[in-house]
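Let's walk through this structure together, beginning with the ligand and its surroundings. Keep the view open as you read.

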Amino acid sequence: MTLDVAIIGGGFAGIGAAIRLKQKQIHDFALFERGTEPGGTWRDNTYPGAACDIPSRLYSYSFAPNPDWSHTYSGSAEILRYIERMVDDFGLRPFFRFGHNVDGVVWNEQTSLWEITFDNQPPVHARAVVMASGPLANVSFPAIRGLETYEGHKIHSARWDHDYDFTDKKVAVIGTGASGVQIVPELVKVAKSVKVFQRTPGWALPRTNFATRQRTKDIYRRFPQTQTLARQAWFWGHESVALGVVWNSPLTRVVEAVGKLHLRRQVKDPWLRRQLTPGFRAGCKRLLMTSDYYPALQKDNCTLVTWPIARLAPRGIRTVEGIEHHADVIVFATGFDVSKTGTPVPITGRGGRVLADEWSTGAKAYKSISVSGYPNMYFTFGPNSGPGHSSALVYMEAQIDYLVDAISHALAHDVVLDVRADRQRAYNENIQRRLQKTTWNSGCSSWYLTEDGFNATMFPGFATQYVGQLKSVDYDDYTTSAYRPSDKDAAVTATV
Ligand SMILES: Cc1cc2nc3c(=O)[nH]c(=O)nc-3n(C[C@H](O)[C@H](O)[C@H](O)COP(=O)(O)OP(=O)(O)OC[C@H]3O[C@@H](n4cnc5c(N)ncnc54)[C@H](O)[C@@H]3O)c2cc1C
């Protein structure tokens, strides 16, 4: 099979790209998804309490507004319904190829085509590839000694076991990041006991989640401009927060003051407060948006354990001071295997160059989207595209519009676009220089940084700047060569 465009991944990014391609009258594409349903993050993260921590009005696509968001911050099931509705409303079902697990992507210079291989399906060729496999798609278990020796039940937050009944169970939760603080308040409602194992406390800010009244929804529906205005208000509100969250500035102290006040108001015990007080600048690790977590920790059936974990034992978790904490089930809210140095799948570009080798010390791309030597290939959520203060979808929408413009240009003019190496280098030098002044590079260890402290994940600026740089494709940044075979099927036949 030969396609104009192969999209790898059927989450928010892949679906957004598919919608925009269709709107540009490009219909010869397919979405290759290893799962059996669309939805990515929101198909996989169904743990109790799962929700977005950016307001739904901003955590949605501007080209697919939803007047019916039930709350300021919607839950996982509602976000998944929104995604499924987009798939149906924009007629994307026929474009999905479920159960296609991509295990390699190789450029063929003779045919000017990418070959996409799968672990379980025949290969496919495409003129352009959109890598939309997601930053947080692969779960990560911590490297704790004795992980396999534990005989109780193990559940990862992103692969929830809905058949497991937590009622009256002794539960241990490892991890107190964005997922952990959403899960604990739900588990304390049903479990006999919950022990929360914390390595490092994070900065938590209050999250007030209002239900949206029917009248407001009706207004949004009847006057869509009001919804656009509400989105704009959230957008600019978050942009102002960047001043304290993105840059390590005097305003970071203001964010920290809000965090400390939140902690003081919700936790009266000074010792517990001390245990929950972060020792790094706010924003350095992902901010936690929660008003439920601290109260949950203080329930009679909940205990915070701050001793480091030594190992897992058959009946529970042993901490370094020698106590064994028995548990019927361990919940791993331990995050994801984020590829900051490798690539999500093996990618071989021009002249047999291997992207994983080029990224071995940290991923780099031009404007987070294109990589020199890998023509007609575009990344969503690529290197240095992470927002610390705003919605990933605002960034993704800009990426999608840019890459769809570039792809339609390449298809219309029968060309192959490859970003110039010097432009990519200059771009990255500038990004790394700007990152030095950010909170992420202010001295804590986080999943944003490689072991060597290289930041390959975050964008050091306002969302406005990120979106602005992707407003239009400057074809001067790319080398252009002819797409050789005028008949792409003939091209494939020639290589067989
Ligand atoms: C619990 C949680 C809450 C979050 N909340 C927010 C929030 O409030 N605000 C925010 O901005 N961001 C949030 N995020 C980040 C979130 O990941 C992004 O906002 C967004 O959902 C990513 O979309 P995506 O399409 O890039 O990736 P994904 O949604 O991960 O989709 C990628 C898809 O690619 C598929 N795939 C991966 N590898 C392959 C392969 N080799 N072959 C075939 N298919 C493959 C996967 O199965 C998946 O379906 C959250 C993340 C998590 C985990």
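A residue is called near a molecule or strand if one of its heavy atoms lies within 4 Å of it. Around the ligand there are 34 residues, of which E33, T41, D53, Y59 and A392 come nearest. Before going further, please note that this is a predicted model, in which local features need pLDDT of at least 70, side-chain atom pairs count only at pLDDT 80 or more, and totals for chains, interfaces and linings use all residues. Residues are numbered from 1 along each chain as its sequence is written, and side-chain values use heavy atoms, with hydrogens and water left out.

E33 places a polar side-chain atom 2.6 Å from an oxygen atom of the ligand. T41 uses a polar backbone atom, 2.8 Å from a ligand oxygen, and a polar backbone atom of F12 is 3.1 Å from an oxygen atom of the ligand. On its own the ligand has 980 Å² of accessible area, and the protein covers 96% of that; such areas come from the Shrake-Rupley method with a 1.4 Å probe, and for residues, only the protein chains shown count as cover.

Which elements give two or more residues to the shell around the ligand? They are α1 (12–23), β2 (29–33), α2 (41–44) and α11 (392–413). Here helices (H or I, at least four residues) and strands (E, at least two) are DSSP runs, numbered from the N terminus. The most comes from α2, which gives three residues. Sorted by class, the shell has 18 nonpolar, eleven polar and five charged residues. For this count, Ala, Val, Leu, Ile, Met, Phe, Trp, Tyr, Cys and Pro are nonpolar, Asp, Glu, Lys and Arg are charged, and the others, Gly among them, are polar.

Now for the aromatic rings. Rings of Phe, Tyr and Trp (its six-membered ring) pair if their centres lie within 6.5 Å; planes under 30 degrees apart count as stacked, over 60 as edge-to-face and the rest as tilted. The whole structure holds 23 aromatic pairs. In one of them, the ring centres of F32 and F118 are 5.1 Å apart and the planes stand at 50 degrees, so this pair is tilted. F32 sits in strand β2 and F118 in strand β5 (residues 113–118), 86 residues apart. Both F32 and F118 are buried, a word that means under 20% relative accessible area, with exposed over 50% and partly exposed in between (1.4 Å probe, protein chains only). One aromatic cluster is formed by F12, W42, Y59, Y61, F63, W69 and Y82.

Finally, turn to the cysteines. A disulfide is a pair of cysteine sulfur atoms within 2.5 Å, and a search of the whole structure finds one. The partners are C284 and C444, with sulfur atoms 2.0 Å apart. C284 lies in the loop between α8 (270–275) and β11 (288–289) and C444 in the loop between α12 (421–435) and α13 (463–469), so the pair ties together parts that are 160 residues apart in sequence. C284 is buried because its relative accessibility is 0%, and C444 is buried too, at 10%.

How values were computed:
Polar contact = N/O pair within 3.5 Å; in protein donor to acceptor, adjacent residues only side chain to side chain.
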